[in-house]
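Thank you all for making the time this morning. I would like to walk you through one model slowly, so please keep the picture in view while I talk.

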Amino acid sequence: MTSNKKKKPLRQRVTQATIVRKARELIAYKPADVSPQRRVQRRYTMRRWSVRHARSLEWFYAHFANMFLVLHPLWNAIGYRRAEAPVKFVEKQVKGLLFDCRMCGQCILSSTGMSCPMNCPKQLRNGPCGGVRANGNCEVEPDMPCVWVKAWEGAQRMRGTENILDVQKPVDQSLRETSSWLRVTALAAAERNRNTKAAE
Amino acid sequence: MTRRPPHIDENPHGVDLPLEPLPGHSSRGRLERVLRRGEFAVTAELNPPDSANAQDVYERAAVFDGWVDGINAVDASGANCHMSSLGICALLTRMGYATIMQIACRDRNRIAIQGDVLGAAAMGVANILCLTGDGVQAGDQPGAKPVFDLDSMSLLETVRVMRDEERFLSGRKLSTPPAVFMGAAINPFAPPYDFRPLRLAKKIAAGAQFVQSQYCFDVPMLQEYMKRARNLGLAEKCYILIGVGPLASAKTARWIRANVPGVHIPDDVVRRLEGAQNQKEEGKRLCIDIINEVKEIEGVSGVHVMAYRQEEYVAEIVHESGVLKGRRPWKREPGPDDAMVADRLDHLLETPNQRPVDMVKDAAG
């Protein structure tokens, strides 16, 4: 063998960990308050406030829902379809402020301790994933408190504590960006009608 | 070739035939039989290859032969791209292995998932493990679109509806429902700790029949969790398999702790590894010690050995911990007619060319 033949440099073994690290570098520049989920609030202050006041919000919502049901003849007169736009606008603003609402159109806040599950990067509606950090923060967004850790805290404060144990159906994506308030009212009114008819 | 006595978990009329359905069983799988007999089950995780070569899968499965009751085919674990779980199951079920197909909700929506469940069941996959899946940010392709159309709970519900109510989520009828044993994952080692046992209860309500846990390195924490699960009566409703695995070194342990979501490794485990002469050996020893502690906990029905890139140690770990108690899980063995088939195949290749075109050519000289 000739000695001037260059020795091939040892090729560095590329492990999966290396690739993962490099892939992370690509998204390393990311402002701290940006999330793959569109977020209404920059901070978590209001979300936390809502969870702390889950009990009073629960009480308030119960009365509010009743009032909406009482107004059913009015909604009927206006037409649910025509009422949709203004009600949705108000709902979006109010719930956006309080809960960072994502307008999934099928609100389950009463079963999730007033912590909106759609803020979870995995949009889990049935409890926390296994990746919650030891400090109770999210695995995907390290500076965000886990939505479900908060939900559990909120549920402890509420009257309907065991609502959190209900198995939720998958999200119906076709209901996105519609008013949950009106839908709940319409369904409750239909239910009431059926009951009164059955009683007669 | 002499015929060996049939294994308890195979069809007495022939190894290649599907198992007879047993009353009360939801699948025809061996894993369900082992668990329902009350035996301590062992499952292992197959490291999915980054190749399109079937041989790679067979080689990786062969190291588990005769030591495990089920092989988990992971679905892009940690959001890293590998051969799909459906593909691995297709290969392994052909060879008679008992596979546990994992389905993660990260990559597919409900349309794709329901189709895969039917396809898998048709191929003979008897166990399906329903997972949410890691976020795409954890893997090597953080730019991917996270789907998460279902979550683990609604996935369980979906599969249960398909199996028990014989319909799709939409209500459309299935002519043959998928006979599968349904599994889920638990992680007793992540907050909110109070909620974790209740979440297991929720998963059982949604249809989980067995659960496999995240890596257990903290036995006291697991004991606490199991105590609460037993108090809720969950251990009778569902088979709980605890995840264990060897750590290659203290450095790996620290890396896993910092980078893999949901794995809790206490400091004394890292210290024990650091203090050892041979860290790899100590990691294995530690795994065996944990198995020995875990198997004594009331309500634990088995272990799930996740020896990532150390699959060759699984047999050793299972053997040395003695969890099988002399039991021999089913093992793929050459059947009495395999030699005949091989012989025939050789013979087939030797037969003279019989294509009409060539025969005419030959005749024409």
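In this predicted model, 34 residues of chain B are in contact with 29 residues of chain A. If we ask which elements of chain B give two or more residues to the side that touches chain A, we find helix H5, residues 152–164, and helix H6 of chain B. H6(B) gives the most to that side, with six residues. Sorted by class, the side of chain B that touches chain A has 14 nonpolar, 11 polar and nine charged residues.

The axes of H5(B) and H6(B) come within 8 Å and cross at roughly 25°. Angles under 35 degrees count as roughly parallel, and H5(B) and H6(B) are therefore roughly parallel to each other. On the H5(B) side the contact is made by Met153(B), Leu156(B), Glu157(B) and Arg160(B), while H6(B) brings Lys202(B), Lys203(B) and Ala206(B). By class, this contact of H5(B) with H6(B) has three nonpolar, no polar and four charged residues.

Leaving out residues up to four places away in sequence, Leu174(B) touches Met162(B), Glu166(B), Arg167(B) and Phe168(B). The C-alpha atoms of Leu174(B) and Leu118(B) are separated by 9.5 Å, although these two residues are 56 residues apart along the chain.

The next loop to look at in chain B runs between strand S5, residues 181–186, and helix H6, residues 195–206, and Pro192(B) lies in it. The peptide bond from Pro191(B) to Pro192(B) is cis, with omega near -5°. As background for those of you new to backbone angles, most residues other than glycine have a negative phi, and most peptide bonds are trans.

With that in mind, please turn to Arg309(B), which has a positive phi of about 60° although it is not a glycine. Arg309(B) is found in the loop between strand S8, residues 300–305, and helix H12, residues 314–321, of chain B. With 10 other C-beta atoms within 10 Å, Arg309(B) is exposed, because 12 or fewer is the cut-off for that word.

Further along chain B there is helix H14, residues 356–364, which includes Ala364(B). Ala364(B) is exposed, with 6 other C-beta atoms within 10 Å. Of the nine residues of H14(B), the number buried is zero, so this helix lies largely in the open. The C-alpha atoms of Ala364(B) and Ser152(B), which are 212 residues apart along the chain, are separated by 69 Å. Just after H14(B), Gly365(B) takes a positive phi of about 75°.

Now to chain A, whose secondary structure comes to seven helices and zero strands. Of its 200 residues, 32% count as buried. Among the contacts in chain A with a separation of 6 or more, 69% are accounted for by residues 24 or more positions apart.

The helix I would like you to find in chain A is H5, residues 80–99, which has 20 residues but whose end C-alpha atoms are only 25 Å apart, short of the 28 Å that a straight helix would reach. Where does H5(A) bend? The bend is at Pro86(A), and it comes to about 30°. Within H5(A), the residues Val87(A), Lys95(A) and Phe99(A) are buried, and the buried residues of this helix pack against helix H2, residues 45–52, and helix H7, residues 180–199, of chain A.

Just after H5(A) comes Asp100(A), with a positive phi of about 60°. Asp100(A) is found in the loop between H5 and helix H6, residues 147–157, of chain A. Arg309(B) is exposed, whereas Asp100(A) is buried, with 24 other C-beta atoms within 10 Å, because 20 or more is what the word buried requires.

Conventions: Residues are numbered from 1 along each chain as its sequence is written. Chains are lettered from A and ligands numbered from 1 in the order in which they are written. This is a predicted model: local features need pLDDT of at least 70, side-chain atom pairs count only at pLDDT 80 or more; totals for chains, interfaces and linings use all residues. Helices (H or I, at least four residues) and strands (E, at least two) are DSSP runs, numbered from the N terminus. The expected span of a helix is 1.5 Å times one less than its number of residues. The bend at a residue is the angle between axes fitted to the seven residues ending there and the seven starting there. Two residues are in contact if their C-beta atoms, placed from the backbone, lie within 7 Å. Ala, Val, Leu, Ile, Met, Phe, Trp, Tyr, Cys and Pro count as nonpolar, Asp, Glu, Lys and Arg as charged, and the others, Gly among them, as polar. Axes are lines fitted to C-alpha atoms, for helices over the stretch in contact, and angles run from 0 to 180 degrees between N-to-C directions. Angles under 35 degrees count as roughly parallel, over 145 as roughly antiparallel, 65 to 115 as roughly perpendicular and the rest as oblique.
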